[in-house]
Amino acid sequence: MSRRRGRRGVMSEGFKYELAKDLGFYETVEREGWGGIRSKDAGNMVKRALQIAEQTLKRRP
């Protein structure tokens, strides 16, 4: 039984694909789906998403 049942992701699919392209593993996602990426890549994706969120918050008045 999956622990993720009923949980929605915080990131939109489009944003995840954009991050995958920027970080260089988009082709893997296309071929194998999100389960095909390395844990290191997933961690880097989360780290980059947090950096973008922090930058966005800093720009707000």
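**Figure 1. Lys 16 and Glu 13 share helix α1.** Both residues lie in α1, three residues apart, which is about one turn of the helix. Helices (H or I, at least four residues) and strands (E, at least two) are DSSP runs, numbered from the N terminus. The model is predicted: local features need pLDDT of at least 70, side-chain atom pairs count only at pLDDT 80 or more, and totals for chains, interfaces and linings use all residues. Residues are numbered from 1 along each chain as its sequence is written, and side-chain values use heavy atoms, with hydrogens and water left out. The side chains of Lys 16 and Glu 13 meet in a salt bridge, 2.9 Å from N to O. A salt bridge is a side-chain nitrogen of Lys or Arg within 4 Å of a carboxyl oxygen of Asp or Glu. Lys 16 is buried, with a relative accessible area of 18%. Glu 13 is partly exposed, at 40%. Buried means under 20% relative accessible area, exposed over 50%, and partly exposed in between (1.4 Å probe, protein chains only).

Figure 2. Helix α1 covers residues 13–23, and Lys 16, Leu 19 and Ala 20 are buried in it. Seen down the axis of α1, the buried residues fall within an arc of 100°, so they line one face of the helix. The arc is that of the directions from the helix axis to the C-beta atoms. The face turned away from the buried side carries exposed Lys 21 and Asp 22. What covers the buried residues includes α2 (26–32) and α3 (39–59). Gly 24 follows α1, and its phi is positive, near 90°.

**Figure 3. Two further salt bridges involve arginines.** How many salt bridges does the structure hold? There are three. Arg 31 meets Glu 32 through their side chains, 4.0 Å from N to O. Arg 31 counts as exposed, at 60% relative accessibility. Arg 38 meets Asp 41 at 3.1 Å, N to O. Arg 38 is exposed, at 52% relative accessibility. Asp 41 is buried, with a relative accessible area of 11%.

**Figure 4. Tyr 17, Tyr 26 and Trp 34 form one aromatic cluster.** Rings of Phe, Tyr and Trp (its six-membered ring) pair if their centres lie within 6.5 Å; planes under 30 degrees apart count as stacked, over 60 as edge-to-face and the rest as tilted. By this rule the count is two aromatic pairs. Tyr 17 and Tyr 26 form an edge-to-face pair, 6.0 Å centre to centre, with 75° between the planes. The rings of Tyr 17 and Trp 34 have centres 5.2 Å apart and planes at 50°, so this pair is tilted. The pair links distant parts of the chain: Tyr 17 sits in helix α1 and Trp 34 in the loop between α2 and α3, 17 residues apart. Tyr 17 is partly exposed, at 30% relative accessibility. Trp 34 is also partly exposed, with a relative accessible area of 24%.

Figure 5. The chain has three helices and zero strands. Buried residues make up 16% of its 61 residues. The mean pLDDT is 89, and 89% of residues reach 70 or more. pLDDT is the predictor's confidence in each residue, from 0 to 100. Among the elements, α3 has the lowest mean pLDDT (95) and α2 the highest (97).

Methods:
Contact means heavy atoms within 4.5 Å.
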